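Hi,

Here is the structure I promised to pass on. Have a look at it first, and my notes on the salt bridges follow below.

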Amino acid sequence: MAKILVLGIGNSIFKDEGIGVHIVKELAAEYTLDDVEFVDGGTASLDLLDFIEGKDKVIIIDAVRGGGVPGTIYRFKPTDIEINLPLSLSLHQVGLMEVLGMLKFQDPSSLNRIILFGIEPKEMGWGLDLSSELQAVKEKVKKEILKEINSGD
């Protein structure tokens with residue numbers, strides 16, 4: 001089992017919403033690294049727990065609305081943000097925040113092994129292509145991910 005998981009999250013048919021999936025697919029095609037697993041998490045919900053559990057480090061890439069200009073890169077830990085378990089009426093409503101909430105409930109220390117890279121989206125409508133702003137920062141994000149993999153933290 002790989003010790004490090006790089007997990008791309010998002011829906012690639014909604015333009016910038018799929019930035020995590022675009023990046024993890026490119027990393028998987030470009031690099032074969034010992035003890036590193038690249039996974040397209042897409043819009044999976046509770047299934048993400050199976051990928052995350054037991055890893056020494058989890059790096060998650062997703063579109064994040066943080067109020068910055070499109071293409072802004074955010075790096076943070078789940079412990080840096082407030083995680084609540086909202087009431088979901090259907091498993092189709094379970095997203096990354098709910099998965100992190102479940103990890104917080106099951107094993108709070110597991111959140112310390114997770115690093116999130118969020119990229120501020122511009123366009124979230126129908127379409128397979130990223131906006132020019134996100135296309136322009138993809139290589140920078142990939143370099144940051146590789147640096148994170150090799151950081152030893």
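**Salt bridges**

E26 and K142 meet through their side chains in a salt bridge, 2.8 Å from N to O (that is, a side-chain nitrogen of Lys or Arg within 4 Å of a carboxyl oxygen of Asp or Glu). This pair links distant parts of the chain, with E26 in helix α1 and K142 in helix α4 (residues 132-149), 116 residues apart. Before going on, a word on the source: this is a predicted model, where local features need pLDDT of at least 70, side-chain atom pairs count only at pLDDT 80 or more, and totals for chains, interfaces and linings use all residues. Residues are numbered from 1 along each chain as its sequence is written, and side-chain values use heavy atoms, leaving out hydrogens and water.

K142 also pairs with E30, at 2.9 Å from N to O. (Helices are DSSP runs of H or I with at least four residues, strands are runs of E with at least two, and both are numbered from the N terminus.)

How buried or exposed are the two partners? K142 is buried, at 2% relative accessible area, while E30 is partly exposed at 44%. Buried means under 20%, exposed over 50%, and partly exposed in between, with a 1.4 Å probe and protein chains only.

Both pairs belong to a network of salt bridges linking E26, E30, K138, E139 and K142. In total, the structure holds eleven salt bridges.

Cheers
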